[in-house]
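Subject: the structure, and what turned up in it

Hi,

Here is the structure for you to open alongside this email. My notes on it follow below.

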Amino acid sequence: MSSAQLIQADGTVAFLPHRLNRHPVVVRGLSADELWICCGLSAALGLTVGVPLASLLSTVALVPTCIVAAIALGVYVGGGVLRRHKRGRPDTWLYRYLQWWLASHYPLLAGWVGGHTLITRSGAWSVRREAR
């Protein structure tokens, strides 16, 4: 299709781009929001490992070192794991999965993350129609 066929007489475009509102991939298949989640969780893990290690070896420099190393490892490993899990799923799958997991495991947090709006019923559904 040539560019002349894509532009209509009134100057508007004849097609609708479908990837316009998607988050761009930043690092290892992660979008920016997923990268922040991965970095935040990895930094928390690095902090929990770094503080006891720093007090054991009596050097404060191990805390930021463990945090940076955990972030690097978390982005590398977490990017690969999330890329495999996200393959073939919609863009919002990760966020809905996290909402569902928090709503099913910690019901008190469901209101904070919007998990109360999810359908969490399991079982057979019926349409309540009768055969003639």
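One cut-off before anything else: a residue counts as buried under 20% relative accessible area, as exposed over 50%, and as partly exposed in between. By that rule Y106 is partly exposed, because its relative accessible area is 46%. Please keep in mind that this is a predicted model.

**The overall layout**

The protein has five helices and two strands. Going along the sequence, they come in the order α-β-β-α-α-α-α. Of the 132 residues in the protein, 20% are buried. The exposed surface comes to about 10700 Å², and carbon and sulfur atoms account for 65% of that. If you take the contacts between residues at least 6 apart in sequence, 42% of them join residues at least 24 apart.

**Helix α2**

Helix α2 covers residues 32–57, which is 26 residues. From first C-alpha to last it reaches 36 Å, close to the 38 Å expected at 1.5 Å a residue. Its buried residues are E34, L35, C38, C39, S42, A43, G46, G50 and A54. What do these buried residues of α2 pack against? Their partners are the strands β1 (25–27) and β2 (30–31), along with the helices α3 (62–86) and α4 (93–105). Just after α2 comes S58, with a positive phi of about 50°.

E34 is worth a look while you are in this helix. E34 belongs to α2 and has a relative accessible area of 4%, so it is buried. Its side chain makes a polar contact with the side chain of K86, at 2.7 Å. Not counting residues up to four places away in sequence, E34 touches G29, K86, L94 and Y95.

L30 lies in strand β2. Is L30 buried or exposed? L30 is buried, because its relative accessibility is 0%. Leaving aside neighbours within four places in sequence, L30 is in contact with P24, V25, L35, C38, G79, L82 and K86. K86 therefore turns up in the contacts of L30 as well as in those of E34, and a WHY for E34 being counted as buried is its 4%.

α3 has 25 residues and reaches 34 Å from its first C-alpha to its last, close to the 36 Å expected at 1.5 Å a residue. Its buried residues are V63, C66, A70, G74, V75, G78, G79, G80 and L82. The cover over them includes β1, β2, α2 and α4. After α3 comes G88, which has a positive phi near 80°.

**The aromatic residues**

How many aromatic pairs does the structure hold? There are three. Y97 and W100 form a tilted one, with 5.7 Å centre to centre and 40° between the planes. These two are three residues apart in helix α4, so about one helical turn separates them. In general, an α-helix has 3.6 residues a turn, so residues three or four places apart point the same way. Y97 counts as partly exposed because its relative accessibility is 38%, and W100 is also partly exposed, at 39%.

W101 and Y106 make an edge-to-face pair, 5.8 Å centre to centre with 65° between the planes.

W93, Y97 and W100 form one aromatic cluster. R89 lies over the face of W93, at 4.6 Å from the ring centre. Elsewhere, the charged end of R28 sits over the ring of Y76, 4.4 Å from the centre of that ring.

Happy to go through any of this with you at the screen.

Cheers

Methods:
Residues are numbered from 1 along each chain as its sequence is written. This is a predicted model: local features need pLDDT of at least 70, side-chain atom pairs count only at pLDDT 80 or more; totals for chains, interfaces and linings use all residues. Side-chain values use heavy atoms; hydrogens and water are left out. Helices (H or I, at least four residues) and strands (E, at least two) are DSSP runs, numbered from the N terminus. The expected span of a helix is 1.5 Å times one less than its number of residues. Buried means under 20% relative accessible area, exposed over 50%, partly exposed in between (1.4 Å probe, protein chains only). Contact means heavy atoms within 4.5 Å. A polar contact is a pair of N or O atoms within 3.5 Å; within protein, one must be able to donate a hydrogen and the other to accept it, and residues adjacent in sequence count only if both atoms are side-chain atoms. Rings of Phe, Tyr and Trp (its six-membered ring) pair if their centres lie within 6.5 Å; planes under 30 degrees apart count as stacked, over 60 as edge-to-face and the rest as tilted. A charge sits over a ring if NZ of Lys or CZ of Arg is within 6 Å of the ring centre and within 35 degrees of the ring normal. Accessible areas come from the Shrake-Rupley method with a 1.4 Å probe; for residues, only the protein chains shown count as cover.
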